Amino acid sequence: MHPPLSLIWFFLTAGISIGLFNFTYFMEFLTLFGKDTALPKHMVLISNVISLVLIGLGAIGASFHLGHKLRAWKAIKRFHTSWLSREAVFSGAYGFTLLIFALLRFFDHTGFWYHFFGIITFILGWLSAFSTAMIYASNRFVLEWNTSISVLYYLNMYLMLGSSAFLALTYFYRKEFVGTYIFLTFLFLALGLAFRLAFNIRQFYIKRPTINEALNLPHNRPIRVLDTGTTTDNYCTEEFYYKKGKELLPSILPLAYILTFIVPLFFVLYMWITGRVDYNFIKFTFLFIVVGSALERWCFFVEGNHVQNLFYGLYPEEGYTLRKGYMERKKTKISYR
Amino acid sequence: MPQYALVIDLNTCVGCHACATNCKEWNTQASFGPLSDFDPYGRNPKGVWYNRIMTYEMGEFPDTQVFHLPKSCLHCQDAPCVPVCPTGASYKREQDGIVLVNYDDCIGCKLCSWACPYGCREFDEADKVMKKCTLCIDRIYDESLPPEHRKPACVLTCPAKARFFGDIEDPNSEAYRMIKERNGFVLFPDMGTNPANHYLPRTETKVHVDEHLLEAENPLFLEVVRRHYKGG
């Protein structure tokens, strides 16, 4: 699949925004149970402004992949069936309630309505993230994405981005929680690495359809594409098959692993084991996760193989596997008299 | 519920691209607006087409068959492109089962094309909306046309008469009869989309190489025969 830069941008901005708000409000929420986790007003406002700006920039950026941006409000029409509609509605509502939450904190209203809007924003943020993840995971024609690992992994990435961003804020405003957030960042990084590995390993075991299945022809006959009826690429080949990306993937994917997981894990583990908490380490942990995640999302798109590519002979080769109800591939015998 | 569809005879289709060309011509001049072309005389000519013809070779030499597969929107009975559309621009008509796009509602998010396993939707970069085969809905209901012309442009133009159009749920229609009599099949039956367009299979052709041909005087032919049959 061709990686749309606007969607990678939305992933990063929405991920940091929702992830950061998640931990900011979580600390505020714990005060309801008598815990001493209340954050200074300054810290909450900085966090909320960052989240608001990022979700706003994300929405603007994501609109670049729409042909008609001003019609986006019509997305509400298919809320009951389309994950894209749900994503648009939930992320818009998240931004709106986040603004109210920030205004309440600004005017020092920290009572019932403060927590009411905090909880609503928290839920809307995660519903938005879940809807975005489901756009990919529910696509049954891109088998690499069509798994619950895509959702778990996607949500975990939001937590990774959020906890590392929040770690930077705690360093300045609530230093006693730095240790906790170093641990949480380590936890989400380790989980992220595990989910990403599972996502990649699964790709070796997917039962891929063959061109014979696409054309509904006997499974013991090899089929070759001779001509696709056009001398150049068309919309379908450009959108669903990114040749340059496929060539670069073997180099970019290891780099994405190193930048997203390995280097940040090294920084976090170093701080955790030695107890030497250095702001430069925290800063670079976050920066590496952001840059790595951008590359990782690029790989995610390029790794996806849409089944329509079968008609163009651009689908990964797997030969003819034995599948329920189908014949195993046999060597075609050439008979003459 | 009626379900209009195309039935394409792969045994007769010669891959002449007349259906695709006439589709482009009709749908560019008729009510559904132009199908844009980009750099048409340049190095990388591209454009929006409702119908593309692909050519495949099946089997191993010399027991091979070449067949042409015209592929346009299959107007699936469980169309996966419809529920994913965030604005309801993609819809399936109840009265005839034709899947259409309302260009005034389409936001150009391309999600419907992601949801189509057949690659039958094309994004028009000029109009910024998704376009697809309409089964020439502006022809088939046009009462100003003689009844025999109320068919999709591709059906009318096919020089080999390889295309049939009709209600595949109506036993009196030509399309229904063709599917029943000639074992019509659909593309990607496993995907659960239940496509309405059907294809009529090619009849198997056996090529027998007679002994006297092995002694043919053409040295090139002899070389081919030796290599493939005798392992020489």
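A salt bridge, as the term is used in this tour, is a side-chain nitrogen of Lys or Arg within 4 Å of a carboxyl oxygen of Asp or Glu. The model is predicted, so local features need pLDDT of at least 70 and side-chain atom pairs count only at pLDDT 80 or more, while totals for chains, interfaces and linings use all residues. Residues are numbered from 1 along each chain as its sequence is written, chains are lettered from A and ligands numbered from 1 in the order in which they are written, and side-chain values use heavy atoms, with hydrogens and water left out.

**Stop 1: Lys131(B)**

Select Lys131(B) and Asp124(B): the two form a salt bridge whose closest N and O atoms are 2.8 Å apart. Both Lys131(B) and Asp124(B) are buried (under 20% relative accessible area; exposed means over 50% and partly exposed in between, with a 1.4 Å probe and protein chains only). For Lys131(B) the relative accessible area is 1%. Asp127(B) is partly exposed, at 32%.

**Stop 2: the interface of the two chains**

Next, display both chains. In contact (heavy atoms within 4.5 Å) are 70 residues of chain B and 66 residues of chain A. The buried area, that is, the accessible area (1.4 Å probe) that two parts lose on being put together, summed over both, is about 5,500 Å², and carbon and sulfur atoms give 56% of this area. Select Glu60(B), Trp114(B) and Phe188(B), which supply 14% of the area that chain B buries against chain A, more than any other three residues.

Five salt bridges are counted between chain B and chain A. One to select is Glu57(B) with Arg224(A), whose side chains meet at 2.7 Å, N to O.

Which element of chain B gives the largest share of the side that touches chain A? That element is β4(B), with nine residues; helices (H or I, at least four residues) and strands (E, at least two) are DSSP runs, numbered from the N terminus. By class, the side of chain B that touches chain A has 39 nonpolar, 12 polar and 19 charged residues. Here Ala, Val, Leu, Ile, Met, Phe, Trp, Tyr, Cys and Pro count as nonpolar, Asp, Glu, Lys and Arg as charged, and the others, Gly among them, as polar.

Now colour β1 of chain A, residues 223-227, together with β4(B): the strands pair in the antiparallel sense over four bridges (pairing requires at least two bridges found by DSSP). Within this pairing, Asp227(A) stands opposite Thr55(B).

**Stop 3: Glu144(A) and Arg208(A)**

Over all chains, the whole structure holds 21 salt bridges. Select the one between Glu144(A) and Arg208(A), with closest N and O atoms 2.4 Å apart. Glu144(A) lies in the loop between α4 and α5 of chain A and Arg208(A) in the loop between α6 and α7, so the pair ties together parts that are 64 residues apart in sequence. Glu144(A) is buried, at a relative accessible area of 0%, and Arg208(A) is buried at 9%.

**Stop 4: Thr121(A)**

Finally, select Thr121(A) in helix α4 of chain A, a buried residue with a relative accessible area of 0%. A polar atom of the Thr121(A) side chain lies 2.5 Å from the backbone oxygen of Phe117(A). Leaving aside neighbours within four places in sequence, Thr121(A) is in contact with Phe21(A), Tyr94(A), Thr97(A), Leu98(A) and Phe101(A).

Note on methods
A polar contact is a pair of N or O atoms within 3.5 Å; within protein, one must be able to donate a hydrogen and the other to accept it, and residues adjacent in sequence count only if both atoms are side-chain atoms.
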